[in-house]
Amino acid sequence: MVCARAPAAAIWLSLAAASLTLGSSVFPKEDSLDASQLLSAFDALNRTVGGRLRSAVPFERPCFSTYEGKRVSADHAACSAIQSSYTDPTFRVTHFGAYMLPQTETCQASSGLNGCLLDSNDPTNPLAFNGTNCRLGNIPPHYIEVASVSDVQAALRFSKRTGVRLSVKNKGHDYKGRSSGKDTLALWVTGLKSLSHDAHFRPEGCSRTYDAITVGTGVLTQDVYEFADKVNRTVIGGYHQTIGFSGGYLLGGGHSILSPVYGLAVDRVVQIKIVTPDGVYRTANACQNRDLFFALRGGGGSAFGVVIESSHRTEPQLTIQAAVMKFTPKASDDIAQWYSLLVNNSYQWAKDGWGGHIVGPTVIHVNPLLNNEEAQRSMQPAADFVRERGGSVVIEELPSWLAFFSKYVTSAQAAVGPELALATRLIPTKFFSTASGRAQLSELITSTLPFASPYIVAGTPFLFDEEPGATSVTPAWRDAVWHLSVKVQFQYNTTRAERKQLYDTLEDHIQQFRALTPGSGAYFNEGDVYEPDHERSYWGDNYLKLLAVKRKYDPEGLLDCWQCVGWRGQSDPLYQCYLRI
C-alpha cells in the first residue's frame with residue numbers, strides 16, 4: 001500500500017501538532033487539551049485500537065519530489081505502478097489516500113494547487129508532478145483501520161474528549177466529498193468483510209424470516225454478487241465493482257438497474273447493525289430502533305453513525321434479458337432524435353420492467369420479467385433506430401445477474417480517476433406518460449446537448465410495491481422513470497476560478513431540469529455538490545423526522561458531513577476546502 005505507516009512517535013507528534021494548530025479539526029471546547037494531554041490521548045487511542053492508527057499521505061505522493069514544501073525522494077517504481085493503474089478502481093480502492101473522484105482529495109477552495117494529483121488523461125504527464133508541491137489537501141491526515149465495533153466506540157470517545165473531528169471512509173465512491181475531511185481523524189471501514197447467507201434469516205426481535213445475505217460494510221459489490229451467485233441467489237446492488245455494498249450506497253438510497261422491479265437498496269435491507277454517535281452498538285430493524293431503521297434507509301452519509309453490517313433480502317437466481325445497443329452519430333440531429341425516441345418509449349419500457357443506463361448513443365438495459373421474444377419486441381423501436389445508422393444491437397438472454405454484470409458492467413461502469421462533478425434530477429412519470437410532458441422533456445434535453453449528453457439511469461422503483469413510510473428517501477423516487485444527470489470535469493491543474501466557473505455552468509444546466517420538475521427531487525449520493533434546498537431535494541417531507549432522529553442519537557453533534565441530515569452549513573470550518581459558490 002502507498003499509505004505511509006510512520007513510527008508511532010512520529011504519528012503522535014504530527015497528530016498533536018496538527019490538532020493544536022489547525023482549528024478545523026477541533027470542536028471548540030472550554031477544557032481544551034494541551035500538547036502533552038493530546039499526545040497522551042492519541043497514544044491511548046492507538047493502544048485501544050491495537051496499533052491500527054495510521055498516518056496517511058496522498059495516493060500519488062511517490063511521483064513527487066516535493067511534499068508539503070519539503071524536498072523528498074520520489075519512488076519511481078511505486079510511481080510507475082500508480083501511473084499504470086491510476087484509473088483502475090480495484091487498485092485505487094486498496095489505498096486510503098485514493099478517492100474515486102480525486103477532486104475530493106484536494107482543497108478546492110485554495111487559491112493555488114492544494115492536492116497531489118496526476119493528469120488523469122495521461123498519468124505519466126510530467127507537468128503534473130515535476131516541480132509541483134504535493135500537498136495533503138482534503139485527505140484526513142490520520143485514520144484508524146477499523147476492525148471491530150470497539151474501534152468505532154474508541155474513536156467516538158476520543159472525539160468527544162479531545163474535540164478532534166471525525167470522518168468515515170469506505171471505498172471512496174463519493175461525488176460530494178463526504179468521506180474525506182481536512183484535519184479529521186478518519187474511520188476506514190474497508191476491512192469489515194464478513195459475508196454470510198441464511199435462507200431463514202430472522203431480524204432480531206422479529207417473527208418474520210427472510211432469505212437474506214448479511215454483508216460487512218467493507219465488502220465490495222462485485223464480491224457480494226459472486227457470493228450470491230454461488231448460493232443461487234440475486235441481490236440488488238450498484239453498477240460498479242468497487243462500491244461498498246453496505247456503506248454510503250445503501251444509506252443514501254441505492255439505485256440499481258433492477259430497481260424498477262425489485263426496489264432500491266433501502267427497500268431490500270431488513271436489518272442494520274450500527275454504532276451510533278452516542279457510542280452504543282445498536283441493531284435497527286422493523287421491530288426495534290424503528291426510528292433509526294427508518295433514518296438509515298435513505299437518510300444518507302455518516303450522520304447517524306458507523307454501519308458495521310447489514311442484511312438484505314434476496315431474490316432467486318434470475319434469468320436476465322440484456323439489450324445492448326450503440327451507434328455512431330452521423331447526422332447533426334441523430335443524438336437529439338435518439339433521446340426523443342428514448343423519452344417516447346421509456347414509459348412503456350418501465351411498465352415492461354426494463355432498467356438500465358443511457359450514455360449518449362449507447363444504451364444498456366436489462367429485464368428480469370420478459371422472455372427473449374418479448375424483449376426483442378419491446379425494444380424494437382430502439383433497435384430499428386440503431387440499425388438504420390449502422391450500429392450494433394444485441395438483445396440476448398443471460399442465465400444470471402452475475403453473468404450480465406461480468407460481461408457488460410465492468411467495462412461500462414462509471415470512470416474513476418477523472419475529476420467529475422455531477423448534478424442530478426429525478427424526472428417524474430408525467431414527462432413520459434403524456435404527449436405534452438414528452439415534448440417538454442425532449443425539448444429541454446435537445447437544448448442541453450451542446451453542453452453535455454445527459455447520463456440517464458432507468459433505476460427508479462417504478463413497479464416495486466413499497467411499504468408506505470418505511471424509507472426516508474424523497475418520495476419523488478416513487479413517481480419517477482429516470483434519474484438524469486449532467487456533469488463537468490476538472491483537470492489536475494484547473495484553477496480555483498475555473499473550478500467555480502465549471503460549477504456555475506453545471507448549476508445553470510441542472511436548474512433548467514429543476515424548473516421543469518417542481519416538487520421532484522434528487523439522489524443524495526449523486527446530487528449537485530451545491531444542491532439548493534437540499535433537505536427537500538433529497539428527503540422531501542421526511543426531513544423533519546430525520547432531524548429528530550439525528551438529535552436523538554447524536555445529541556452532541558459528533559458526526560457531520562456535507563449536506564447530511566443536521567448539517568451545520570458551509571460556514572463550519574470543517575468545510576474549508578469547499579468552494580464558495
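In this predicted model, strand β9 (residues 210-216) pairs with strand β13 (residues 306-313) in the antiparallel sense, over 5 bridges. The two strands belong to an open sheet of 5 strands, in which the pairing is antiparallel.

- β8 (195-201) and β12 (281-285) are the edge strands, each pairing on one side only.
- From one strand to the next, the twist averages 20°.
- Helix α5 (residues 149-162) packs on the sheet and touches β11 (269-275), β12 and β13; the direction of α5 makes about 50° with that of β11.

**Strand β13 and its neighbours**

- β13 also pairs with β11 in the antiparallel sense, over 6 bridges.
- Ser 311 in β13 has Thr 214 opposite, and Gln 271 also stands opposite Ser 311.
- 7 of the 8 residues of β13 are buried, so the strand is largely enclosed by the rest of the structure.

**Helix α6**

- Thr 221, Gln 222, Val 224, Tyr 225 and Ala 228 are buried in helix α6 (residues 221-230).
- These buried residues line one face of α6, because they fall within an arc of 160° when seen down the helix axis.
- An α-helix has 3.6 residues a turn, so residues three or four places apart point the same way.
- The packing partners of the buried residues of α6 are β8, β9, β10 (233-234) and α14 (401-412).

**Nonpolar cores**

- The largest nonpolar core has 54 residues, and those touching the most other members are Met 325, Trp 338, Leu 441, Ile 445 and Trp 482.
- Helix α11 (residues 334-352) supplies the largest share of this core, 9 residues.
- Leaving aside residues up to four places away in sequence, Met 325 touches Pro 361, Thr 362, Val 363, Met 379, Ala 382, Ala 383, Val 386, Ser 392, Val 393 and Ile 395.
- In soluble globular proteins, nonpolar side chains tend to be buried together.

**Aromatic pairs**

- A search of the whole structure gives 30 aromatic pairs.
- Tyr 143 and Trp 188 form an edge-to-face pair, because their ring centres are 5.7 Å apart and their planes stand at 85°.
- This pair links distant parts of the chain, 45 residues apart: Tyr 143 is in strand β5 (residues 142-145) and Trp 188 in strand β7 (residues 185-188).
- Tyr 143 and Trp 188 are both buried.
- Phe 524 and Trp 539 form a tilted pair, with 5.3 Å from centre to centre and 40° between the planes.
- Phe 524 lies in the loop between α17 (496-516) and α18 (534-539), and Trp 539 in helix α18, so the pair ties together parts that are 15 residues apart in sequence.
- Phe 524 is buried, with a relative accessible area of 1%, and Trp 539 counts as buried at 0% relative accessibility.
- One aromatic cluster is formed by Phe 490, Tyr 503, Tyr 530, Trp 562, Trp 567, Tyr 575 and Tyr 578.

Notes. Residues are numbered from 1 along each chain as its sequence is written. This is a predicted model: local features need pLDDT of at least 70, side-chain atom pairs count only at pLDDT 80 or more; totals for chains, interfaces and linings use all residues. Side-chain values use heavy atoms; hydrogens and water are left out. Two strands pair if DSSP finds at least two bridges between them. Helices (H or I, at least four residues) and strands (E, at least two) are DSSP runs, numbered from the N terminus. Axes are lines fitted to C-alpha atoms, for helices over the stretch in contact, and angles run from 0 to 180 degrees between N-to-C directions. Contact means heavy atoms within 4.5 Å. Buried means under 20% relative accessible area, exposed over 50%, partly exposed in between (1.4 Å probe, protein chains only). The arc is that of the directions from the helix axis to the C-beta atoms. A nonpolar core is a set of buried Ala, Val, Leu, Ile, Met, Phe, Trp, Tyr and Cys residues joined through side-chain atoms within 4.5 Å. Rings of Phe, Tyr and Trp (its six-membered ring) pair if their centres lie within 6.5 Å; planes under 30 degrees apart count as stacked, over 60 as edge-to-face and the rest as tilted.
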